[in-house]
Amino acid sequence: MKQISIQINEETARQMAALAERWGLPAQRHNTPVIERAIATMFMLEIGCEEYTRRLEAMGAVKEDL
């Protein structure tokens, strides 16, 4: 895994601490797990759902309109 260094402002730090608390992560040293989970969530929302839908359609599953 490649290490990166980013500057986190106070608002971002506050949001990350709130997410860490909600997800049951430790109060100290939670930045990396929060970032990993946030990226996984955004990937699923932005890309994963589309890929999953495409695979279902390729298998002949019926796409229902919501």
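1. Ile-6 sits in the segment that precedes α1 (10-22); helices here are DSSP runs of H or I, at least four residues, numbered from the N terminus. The model is predicted, with pLDDT of at least 70 needed for local features and 80 or more for side-chain atom pairs, while totals for chains, interfaces and linings use all residues. Residues are numbered from 1 along each chain, and side-chain values use heavy atoms, without hydrogens and water.

2. Helix α2 (residues 31-58) packs on α1 at about 85°, the axes 10 Å apart. The two are therefore roughly perpendicular (65 to 115 degrees). Met-16, Leu-19 and Ala-20 of α1 meet Asn-31, Val-34 and Ile-35 of α2 (contact: heavy atoms within 4.5 Å). Five of these residues are nonpolar, one is polar and none is charged.

3. There is one salt bridge (Lys or Arg side-chain nitrogen within 4 Å of an Asp or Glu carboxyl oxygen).

Notes: Axes are lines fitted to C-alpha atoms, for helices over the stretch in contact, and angles run from 0 to 180 degrees between N-to-C directions. Angles under 35 degrees count as roughly parallel, over 145 as roughly antiparallel, 65 to 115 as roughly perpendicular and the rest as oblique. Ala, Val, Leu, Ile, Met, Phe, Trp, Tyr, Cys and Pro count as nonpolar, Asp, Glu, Lys and Arg as charged, and the others, Gly among them, as polar.
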